[in-house]
Amino acid sequence: MSRILIVLTSHGVLGETGRATGFHVPEAARPHRIFVEAGHTVDFASARGGQPPRDGVKPGDFEAARFLAENGEALCNTLRLADLDPCDYRAVYLVGGHGTMWDFPVNQALARILASVYERGGVVAGVCHGPAGLVGVRLADGTPLVDGKLVSAFTNEEETAVGLIGVVPFQLESRLVELGARFTKAAAFTAHAVSDRRLITGQNPASAVRVARLVVQELQEQEAAAPRMSAAQHSALYLLDESVSYVHAAALRAIAQLGVADHLAGGPRTAEELAEATGTDAGYLYRALRLLAGRHVFLEEDGRFLLTPQGDALRSDAPLPVRDAILMTAGDMHWNAAGGLEATLTDGVPAFEQIYGSAYCDYVKSAEGGEVFQRGMAAFSAAVDQLAVELCDFPDTGTVVDVGGGRGALLAHALTTRPGLRGVLFDEAHVLTGHILGRVGDDTRWELHPGDFFVALPGGGDVYVLKRILHNWSDEDCVAILRNCREAMAPGARVLVIDPIVAPGNGQDPAKTHDLIMATLMTGRERTEAELVRLFERASLRLVKVTRTGAPVSILEAVAA
């Protein structure tokens with residue numbers, strides 16, 4: 001049987017009306033039952049991950065109520081699209097709901113997944129407003145996925161009838177036609193679904209069951225036509241493929257080191273042109289670019305390569321460049337430590353210490369490891385800081401203490417966006433010498449405070465921020481840090497912990513990857529929400545709020561117990 005990905009919107013507001021929307025629950029409930037009864041495995045995903053907004057549940061809809069009750073945990077912890085591997089799925093089903101009109105068309109991860117699943121022979125399906133996810137999908141040859149295919153979706157007439165023609169950002173029927181779709185429809189609000197070359201779409205909520213049954217039928221026909229492979233053969237081939245996945249990271253590291261992306265800022269270029277610009281061998285460079293094109297970092301068209309939206313952050317002048325982060329995470333320090341994982345599993349000691357003869361936290365202070373680490377962490381954090389500041393519940397006035405805040409990027413963002421706020425950047429003296437708080441301008445609003453968070457913290461703060469701090473340390477060390485926060489807090493103050501939270505279940509999760517990386521580097525670890533709650537309790541703190549950011553970290557807010 002196949003694995004099917006059900007995709008839900010993360011957008012919960014109807015434009016500027018202020019009215020709530022979300023994924024249309026009945027459009028998910030009935031197809032989900034059909035998929036499961038046919039023997040398929042189903043995962044739920046959304047743009048931001050976590051719990052998506054809901055819509056369309058009516059009193060007396062017992063199937064929708066049962067669906068929500070039976071899948072409550074999965075729906076509260078949907079997978080984040082950007083974290084998924086399209087190769088894990090044979091079909092994708094796009095659930096409707098008006099929220100899709102805002103986030104589906106612009107979600108690059110969704111476009112990548114849909115294109116990959118379709119071009120590998122899988123099924124792409126959607127109902128009502130779900131086909132909004134098809135708008136941004138282009139195949140390897142550059143043509144829209146819907147071009148020349150029979151497609152249905154919520155019609156212009158239906159949008160007018162529900163009074164939202166001027167609220168949604170575009171008319172879905174019209175946009176699909178502009179992209180080359182052969183749009184087909186029935187009378188307004190009557191069931192209608194169409195299947196064309198593994199693209200299956202339905203017109204409105206009444207069409208959801210028909211779409212689901214067509215998906216099941218298509219998968220059954222594919223299975224019947226496929227060459228039979230034994231379970232042993234499938235296992236062997238799967239594991240062999242997994243065993244060489246390290247090559248993707250190696251290729252990404254090499255391309256980042258060579259600065260290839262910077263030479264594509266002006267447009268597509270051939271491998272020969274790129275080789276001349278980077279001083280490399282054209283034949284070998286082409287093979288590396290071809291591999292990364294299969295990972296949607298580059299796109300090859302007519303013998304020339306260009307950067308995809310997913311690969312754009314490789315440019316040194318990108319809004320959030322990640323080159324330095326890649327050179328750290330895929331560089332020698334982390335690479336060699338990962339290669340020593342067997343020793344970590346056997347001896348219970350981080351492999352890094354056995355290889356380099358030094359603790360990781362000491363090595364990265366050295367001349368040899370310090371620059372790579374500092375530059376890498378700055379790039380790694382940049383993608384998170386702005387989003388974290390936007391979602392952190394900072395006060396408009398008061399004092400924020402950034403504990404172990406490094407160069408102060410997060411604190412600088414916070415002070416810039418809240419002119420009435422004061423900040424204290426707390427870290428070791430040698431780290432503070434590279435601070436960037438000068439960007440804030442008014443040096444009366446911030447101060448540098450060198451110290452050791454295992455000894456004591458500056459008192460009187462209103463908010464104590466620990467961004468990617470606790471995951472570096474053992475449980476006992478974390479409790480010591482949190483206790484020092486508790487002792488330093490002013491009355492009514494809060495602690496904000498910004499760290500990954502390991503998701504439950506067997507699904508892919510970046511936190512699980514980073515957790516194993518941590519095991520090879522130091523004694524720290526990524527933790528589940530329950531494990532973090534226990535740390536707070538031991539430090540006389542009480543968790544009051546968890547905010548999922550859509551990035552690989554969440555924000556946990558705690559107060560004095």
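Which residue in E14 stands opposite leucine 299? Leucine 306 holds that place. The model is predicted, with local features needing pLDDT of at least 70 and side-chain atom pairs counting only at pLDDT 80 or more, while totals for chains, interfaces and linings use all residues. Residues are numbered from 1 along each chain as its sequence is written, and side-chain values use heavy atoms, with hydrogens and water left out.

An open sheet is formed by three strands in the order E12-E14-E13, with antiparallel pairing. Helices (H or I, at least four residues) and strands (E, at least two) are DSSP runs, numbered from the N terminus. Strands pair if DSSP finds at least two bridges between them. Strand E12 (269-270) and strand E13 (298-301) are the edge strands, each pairing on one side only. E13 and strand E14 (residues 304-307) run antiparallel and are joined by four bridges. Helix H12 (residues 282-293) lies across E13 and E14. H12 runs at about 110° to E13. Axes are lines fitted to C-alpha atoms, for helices over the stretch in contact (heavy atoms within 4.5 Å), and angles run from 0 to 180 degrees between N-to-C directions.

Zero disulfides (pairs of cysteine sulfur atoms within 2.5 Å) are found in the whole structure. For cysteine 478, the nearest cysteine sulfur is that of cysteine 485, 11 Å away. Cysteine 478 is buried at 0% relative accessibility. Cysteine 128 is also buried, at 4%. Buried means under 20% relative accessible area, exposed over 50%, and partly exposed in between (1.4 Å probe, protein chains only).

Glycine 166 is exposed, with a relative accessible area of 70%. Glycine 166 is in the loop between helix H6 (156-161) and helix H7 (172-178).
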